[in-house]
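Please look over the protein shown here.

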Amino acid sequence: MEKCKEYLRKYLPLIAFCAAAFWLFYQIYPIIFATHDDMRNYTLVRRGILFEDALRSAQNGRISHLWNHLLLGLPYLANSLPVYKAIVFAAFLFDLFTLGLLLSRLGDQPLAYMTLLLCTAWSSVSTQHNLLISYGLCHQIPVGLLCLSLYFFLLRYEKNKRRYTFLSCVFLLFSCMIYEAFTAAMLLFALLSLTLPESEETSYLRYLLRSAYRVLPQLAVVLCYMAVYFTWQHFYPPFYDGTSFDIHEPFLSVQTAGTYAISFFPLVNIIDYANDSPLGFRSFVQQIAPAGWAVAALTAAAFALLLPRVKTDTARLRRTLVFAFAGIFVPCAVIGFSKKYIGWVKNGFVGYLPAFYSFLFLTAFLCCAGVLIYRSIHEKHRRTTAVILMTAFVFGMCLCATAMNRLFGAYFGELSLRYRNFDKAVSSELVTQCDETWQLFAPDNAGIHARPDYTEDYLKIYNPADVAYVQGGTARDPEKKTLCMRSPGDYAFAALCETDEALHAEAVTITTTLDEVTVSLQLTDGGHYTATVEDGTVLHAPEGKAFDLSVRPGHPPAEEKE
């Protein structure tokens, strides 16, 4: 029995991490095309024009798109959901691994294990550019590259080997090339330099000069890249509104950076959700599957075991605490001055890409704070009480993350079904046989980025002809034949047919990714035609009647008039 307990104490953190990682992967696996940009990148890859579009985009003022486009497209090359998800999750694990290396150097391994476990168990999805489910690979890895750069910076002065300076500079350059706002990470290098141990007593001025000297290579790399970046913009002025800065409202900038910095945290995430959609305690509990409870319990138990195992001295722990606190805000510092993102926060959009980077540092900060609280309490019963409260907090945050993944999983499940059935419809024979004399009228689907030109690019994956894509509320070309595509509210199927000017048709083809689906179509006499069909089924209207495609189809009864 004692051996069993010893084995459990030794391996419980690893078991909890594996369980949390598997549970997270299981929850996010079905989600594909969480943003319109992902759909656009998939289009470019399938059409074989990724590099061409990267060059075009870079000529709009952002040189980073020369390589970012390629990194964004890479996960789609195999045209396989398992491959895409494997690449995206591997990038997430890469970030965790590099953060663990850095924290092991700043503190010790138990602190690193604790942070990585909570980063995994607390990760949750949202609708606001969440890096767990969107912008795979490209925008996930810069924080990992930055952690490697910081790790080798520390190693340079601990091992006294110059080659580590070169590695630190290379990884910093790569990080800034992908995410330009990481130029602000020089603050983290400065903090580490100022807190490196001095070999001898010296004057304050000499101390500052030595600290500045240590970061000169990294500063030179950042300045050189900024020179290249802004020189490129001189020859190719930017069209992207996110590069327009406003320094006249510093307090709004602080609010913007602070809002984004904490928005990935599960408690903040669920509060934001509850502001938009009422969420009672009973509803919250109903979102959590038995596996979610089990993972939360394992994570909380592992946290309680790891807490007293952190042996790094208090001075180093405080240094790590300050470093992590600065790291929370560094990723969002630059975009805090962007007019675009200041406007987003004003309009209630409280999440963006760098929130994930900040989340990693925020979790490290909370772990350091937890260990310091534990150490500051010497009385046995009070310390036990503190451990129970902190463990309960960890458990609660795990449940919040699971609930958010379930709540947003339903939303993204419908969105994914919408995209997959759209793809199924436009790859069908009815669409692929159209030529430039046709227009595809789709009043239920605004298309990629609500832009007809992007959506027409997607159609060319299956049909090279210039078929016009017409959104709802847009006038159709009377000189062109109309192929109408209607979908119900949950996008479970698409009804395709050639229609007359009044959107009437005698036959409709149903496309769906489901095994079978029940459809309800409006008839011209006001009645409903209902049938349970499979993919590719052609439905014919009763004699003397026609289908009225001006009315949105549905699962009976038919839905609202367009």
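This is a predicted model: local features need pLDDT of at least 70, side-chain atom pairs count only at pLDDT 80 or more; totals for chains, interfaces and linings use all residues.

Residues are numbered from 1 along each chain as its sequence is written, and side-chain values use heavy atoms, with hydrogens and water left out.

**Cysteines**

- A disulfide is a covalent bond between the sulfur atoms of two cysteines.
- Here a disulfide is a pair of cysteine sulfur atoms within 2.5 Å, and the count by this rule is zero.
- C368 is in no disulfide either; the nearest cysteine sulfur, in C367, is 7.0 Å away.
- C169 is buried, at 11% relative accessibility.
- C368 is buried too, at 0%.
- Buried means under 20% relative accessible area, exposed means over 50%, and partly exposed is in between (1.4 Å probe, protein chains only).

**A helix pair**

- Two packed helices are described by the angle between their axes and the distance between the axes.
- Helix α1 (residues 2-28) packs with helix α5 (residues 81-106) at about 145 degrees, and their axes are 11 Å apart.
- Axes are lines fitted to C-alpha atoms, for helices over the stretch in contact, and angles run from 0 to 180 degrees between N-to-C directions.
- Helices (H or I, at least four residues) and strands (E, at least two) are DSSP runs, numbered from the N terminus.
- The contact (heavy atoms within 4.5 Å) includes F17 and F25 of α1, and F89 and F92 of α5.
- Its residues divide into nine nonpolar, no polar and one charged.
- Ala, Val, Leu, Ile, Met, Phe, Trp, Tyr, Cys and Pro count as nonpolar, Asp, Glu, Lys and Arg as charged, and the others, Gly among them, as polar.

**Positive phi in two loops**

- N160 sits in the loop between α7 (142-159) and α8 (163-178).
- N160 is not a glycine, yet its phi is positive, near 55 degrees.
- N160 is exposed, with a relative accessible area of 63%.
- Y491 lies in the loop between β3 (481-486) and β4 (494-499), and its phi is near 60 degrees.
- Y491 is buried, at 12% relative accessibility.

**A hairpin**

- Strands β7 (residues 517-522) and β8 (residues 528-533) run antiparallel, joined by six bridges.
- V519 has A531 of β8 as its bridge partner.
- Five residues lie between the strands of this hairpin, where G526 has a positive phi near 95 degrees.

How values were computed. Two strands pair if DSSP finds at least two bridges between them.
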